[in-house]
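Thanks for coming, everyone. I have one chain to show you today. Let me put it on the screen.

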Amino acid sequence: MEAYIRENGFTTHYLDDSFRWGTDRQAWLTQRLRRSLPVTLPAGSAHDADMVLALNWQALWRTGV
């Protein structure tokens, strides 16, 4: 794929900002997770969450949301 992109003159554009995040905290968290840096998330109920993180699909289904 890299050769195809290079041979066809595609240009890479890095997306540093995202319209998806409503707060600076959300953007900060996303950047750390994408870089595999540690984060500490507060414990709570999945019913009170706006999003749920899981290592695999089965864990997401068990949240009951």
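**A quick tour of the chain**

Start at the N terminus and read along: the elements run α-α-α. That makes three helices and zero strands. Keep in mind that this is a predicted model.

So how confident is the predictor? The mean pLDDT of the chain is 76. Of its residues, 77% reach 70 or more. Among the elements, helix α2, residues 24-34, has the highest mean, at 86. Helix α3, residues 57-61, has the lowest, at 73.

Next, the surface. How much of the chain is buried? Buried residues make up 5% of the 65 residues.

Which residues make the nonpolar patch here? They are Tyr-4, Ile-5 and Phe-10. The patch covers about 320 Å² of surface. Ile-5 sits in helix α1, which spans residues 2-7. Phe-10 sits in the loop between α1 and α2. Set aside the neighbours of Phe-10 within four places in sequence, and Phe-10 is in contact with Tyr-4 and Ile-5.

Is Phe-10 buried or exposed? Phe-10 counts as exposed because its relative accessibility is 52%, and the cut-off for exposed is over 50%. Ile-5 has a relative accessible area of 34%, so Ile-5 is partly exposed. Patch members need over 30% relative accessible area, and Ile-5, at 34%, is above that cut-off.

On to helix α2. Find Thr-30, which lies in this helix. Thr-30 has 11% relative accessibility, so Thr-30 counts as buried. The cut-off there is under 20%. What does the side chain of Thr-30 reach? One of its polar atoms lies 2.9 Å from the backbone oxygen of Gln-26.

Last stop: Ser-36. This residue is in the loop between α2 and α3. Ser-36 has a positive phi, about 60°, although Ser-36 is not a glycine. Why point that out? Because most residues other than glycine have a negative phi. Ser-36 is also exposed, with a relative accessible area of 67%.

To recap, take three places away with you. There is the patch of Tyr-4, Ile-5 and Phe-10. There is Thr-30, buried at 11%. And there is Ser-36, with its positive phi.

Terms used: Residues numbered from 1 in each chain as written. Predicted model: local features only at pLDDT ≥ 70, side-chain atom pairs only at ≥ 80, totals over all residues. Heavy atoms only, no water. Helix = DSSP H or I, 4+ residues; strand = E, 2+ residues; numbered from the N terminus. Buried < 20%, exposed > 50% of the residue type's maximum accessible area, 1.4 Å probe, protein only. Patch = residues over 30% accessible without salt bridge, like charges linked within 9 Å, V, L, I, M, F, W, Y side chains within 5 Å. Areas by Shrake-Rupley, 256 points an atom, 1.4 Å probe, with all protein chains shown as cover. Salt bridge = Lys/Arg side-chain N within 4 Å of Asp/Glu carboxyl O. pLDDT = per-residue confidence, 0-100. Polar contact = N/O pair within 3.5 Å; in protein donor to acceptor, adjacent residues only side chain to side chain. Contact = heavy atoms within 4.5 Å.
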